[in-house]
Amino acid sequence: MARYSVGFQSKTMTAVADANAMTDNGYATFLQGGSATMMLKVNEIYLGGESAASNPTTMAFGRDSTVAATAISGNFNAVLDAVTVAPGTVAVYGCVSTTKPQRSATLGHLLQLSLNAYGGIARWQARYGEEITTYGASASLGEVSLSSVTGTGIVSGHVIYEVV
Amino acid sequence: MTLLITDGLPRGLGYLEVDNRASGERHFEADTYTCTHCQRVVVMNPLRKRERYKCGGCNHHICDDCAAVRATGAPCKTWAQKIDEVASQNRS
């Protein structure tokens, strides 16, 4: 199936604790299945820091116990293969919503990507067959997000995933 | 000739890079694997001496938390099996 990259640019992180509502544009992105049966497989995450001074930022990628809903917008999503025919249903992504995502206290830390946002980078690539998966579009299997636990660095980056 | 690898370490790994050299700090690279039971990404500490637990049920390395649960006698249950259960509930 088709592989996509969801990108985000120059986002100033707002630190958020587990099980607390994220702030619009204050986290990198969420990624949610486009239907109750859609599976997504995340195989790469990249973060590049753009802060003008030292700003250690602890980013967490993991599942959300409350999923984003209503008036969703923000970020970019592009198919990677130029000749891919877009499926009828695509994943939902963004950094703005009426119902804000909340990082799960138990499943919300699948991957820690800490970096100093003063020019630092953090990149993770999955081993083939060991991608992080989501299933459906509801908590807690249906959405993952990338957000700051501590630190307010400015970051850009992408999450590469496949719609299965 | 057949080569047998007997060190028990996972192979064909994922990759984590954290490069903070622009801020005068370190460049860190490490292999990773994903726990088949909970899908946490395990960053492999090259200084670790303790063995990494390989689940006999799914024949895959799992994280320390899941290894502790497994050691109490809990059965092997992979994340894929959990998703299959949710999917079958959705179908019924």
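Trainee: What percentage of the 164 residues in chain A is buried?
Mentor: This is a predicted model, where local features need pLDDT of at least 70, side-chain atom pairs count only at pLDDT 80 or more, and totals for chains, interfaces and linings use all residues. Residues are numbered from 1 along each chain as its sequence is written, while chains are lettered from A and ligands numbered from 1 in the order in which they are written. A residue is buried with 20 or more other C-beta atoms within 10 Å of its own, exposed with 12 or fewer, and partly exposed in between, with C-beta atoms placed from the backbone. In chain A, the buried share of the 164 residues is 49%.

Trainee: How many helices and strands does chain A have?
Mentor: Count DSSP runs from the N terminus: helices are H or I runs of at least four residues, strands are E runs of at least two. The tally is zero helices and twelve strands.

Trainee: What is the radius of gyration of chain A, and why is the chain called as compact as a globular protein of its length?
Mentor: The radius is taken over C-alpha atoms, and the globule rule is 2.2 Å times the number of residues to the power 0.38. For 164 residues the rule gives 15 Å, and chain A is close to that, so it is as compact as a globular protein of that length. The C-alpha trace spans about 45 × 30 × 30 Å along its principal axes. The radius of gyration itself is 15 Å.

Trainee: What share of the contacts in chain A with a separation of 6 or more joins residues 24 or more positions apart?
Mentor: Two residues are in contact if their C-beta atoms, placed from the backbone, lie within 7 Å. For chain A the share is 87%.

Trainee: Which residues touch the most other members of the largest nonpolar core?
Mentor: A nonpolar core is a set of buried Ala, Val, Leu, Ile, Met, Phe, Trp, Tyr and Cys residues joined through C-beta atoms within 7 Å. L113(A) touches I45(A), L47(A), M59(A), F61(A), A122(A) and W124(A), leaving out residues up to four places away in sequence. Out of 50 core residues, those touching the most other members are L31(A), I45(A), F61(A), A91(A) and L113(A).

Trainee: Is A68(A) buried or exposed?
Mentor: A68(A) lies in the loop between β4 (56-66) and β5 (76-79) of chain A. Beyond four places in sequence, its contacts include F30(A), Q32(A), G94(A) and E143(A). The count of other C-beta atoms within 10 Å is 26, so A68(A) is buried.

Trainee: Which element gives the most to the side of chain A that touches chain B?
Mentor: The contact takes 24 residues from chain A and 23 residues from chain B. On the chain A side, the elements giving two or more residues are β8 (111-116), β9 (121-125) and β10 (132-135). With five residues, the one that gives the most is β9(A).

Trainee: How many bridges join β9(A) to strand β1 of chain B?
Mentor: Two strands pair if DSSP finds at least two bridges between them. I121(A) stands opposite D19(B) in β1(B). Strand β1 of chain B covers residues 14-19 and runs antiparallel to β9(A), and the number of bridges is five.

Trainee: How many of the 13 residues of α2(B) are buried?
Mentor: Chain B has two helices and five strands, and 20% of its 92 residues count as buried. Helix α2(B), residues 79-91, reaches 18 Å between its first and last C-alpha, close to the 18 Å expected at 1.5 Å a residue; that expectation is 1.5 Å times one less than the number of residues. The helix is hardly covered, and its count of buried residues is zero.

Trainee: Where is S140(A), the residue reached from A139(A) by a cis peptide bond?
Mentor: Most residues other than glycine have a negative phi, and most peptide bonds are trans. The bond from A139(A) to S140(A) is cis, with omega near -5°. S140(A) sits in the loop between β10 and β11 (143-150).

Trainee: What is the phi of S10(A), which is not a glycine?
Mentor: S10(A) belongs to strand β1 (residues 3-12) of chain A. S10(A) counts as exposed because it has 9 C-beta neighbours inside 10 Å. Its phi is positive, at about 50°.
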